[in-house]
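This report looks at one strand and its surroundings. Please keep the sequence and the structure in view while reading.

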Amino acid sequence: MAEFEYPRDLRLLTGSDFKRVFDKAIYKVSDPNLLILSRPNETGHARIGFVISKKNVRLAVNRNRVKRIIRESFRLNQQSLPSCDIVILARKGVDKLERDAIHSLISKCWVRLNKKATKAS
């Protein structure tokens with residue numbers, strides 16, 4: 001049975017974790033509403049971090065909603081994702097999307113990230 005947990009070891013927690021991805025991102029998945037930067041890691045599983053600025057998503061409730069939806073999608077798809085550190089950057093307008101639209105958008109991004117990672121290896 002697949003594990004669908006979201007423990008601390010599946011998150012990017014420190015500034016150095018984020019800096020490593022920003023400085024040496026190998027896989028980039030771009031969309032008008034999201035940008036995903038990713039870099040392989042040695043942990044054996046995917047880890048995720050969020051950068052959702054107040055400039056792009058004004059209200060805290062909307063920033064939290066976007067993070068919650070993407071986190072849930074990550075939790076359900078973590079078994080199929082490559083072993084890499086992933087940083088999600090929100091762009092303007094992502095908070096205007098409905099829940100289902102964000103969910104389908106991130107699902108398409110996971111597929112594109114998988115294709116890029118398998119193509120590179």
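## A strand and its partners

In this predicted model, strand β3 (residues 47-51) pairs with β4 in the parallel sense, over five bridges. Within this pairing, R47 stands opposite D85 in β4. Strand β2 (residues 34-40) is also joined to β4, but the two run antiparallel, with seven bridges between them. Here L34 stands opposite A90 in β4.

| Partner of β4 | Sense | Bridges |
|---|---|---|
| β2 (residues 34-40) | antiparallel | seven |
| β3 (residues 47-51) | parallel | five |

The path between β3 and β4 involves a helix: β3, helix α2 (residues 60-77) and β4 make a left-handed β-α-β unit.

Is strand β4 largely enclosed or exposed? Seven of the seven residues of β4 (residues 84-90) are buried, so the strand is largely enclosed by the rest of the structure. Its side chains point two ways: C84, I86, I88 and A90 point one way, while D85, V87 and L89 point the other way, and all are buried.

A residue from another element also belongs to this picture. F18 lies in helix α1 (residues 15-23). F18 has a relative accessible area of 17%, and buried means under 20%, so F18 is buried. Which residues does F18 touch, leaving out those up to four places away in sequence? They are L12, G49, F50, V51 and V87. From F18 to I86 the separation is 68 residues in sequence and 8.8 Å in space, C-alpha to C-alpha.

Definitions and conventions
Residues are numbered from 1 along each chain as its sequence is written. This is a predicted model: local features need pLDDT of at least 70, side-chain atom pairs count only at pLDDT 80 or more; totals for chains, interfaces and linings use all residues. Side-chain values use heavy atoms; hydrogens and water are left out. Buried means under 20% relative accessible area, exposed over 50%, partly exposed in between (1.4 Å probe, protein chains only). Helices (H or I, at least four residues) and strands (E, at least two) are DSSP runs, numbered from the N terminus. Two strands pair if DSSP finds at least two bridges between them. A crossover is right-handed if, with the strands pointing away from the viewer, the path from the first strand over the helix to the second runs clockwise. Contact means heavy atoms within 4.5 Å.
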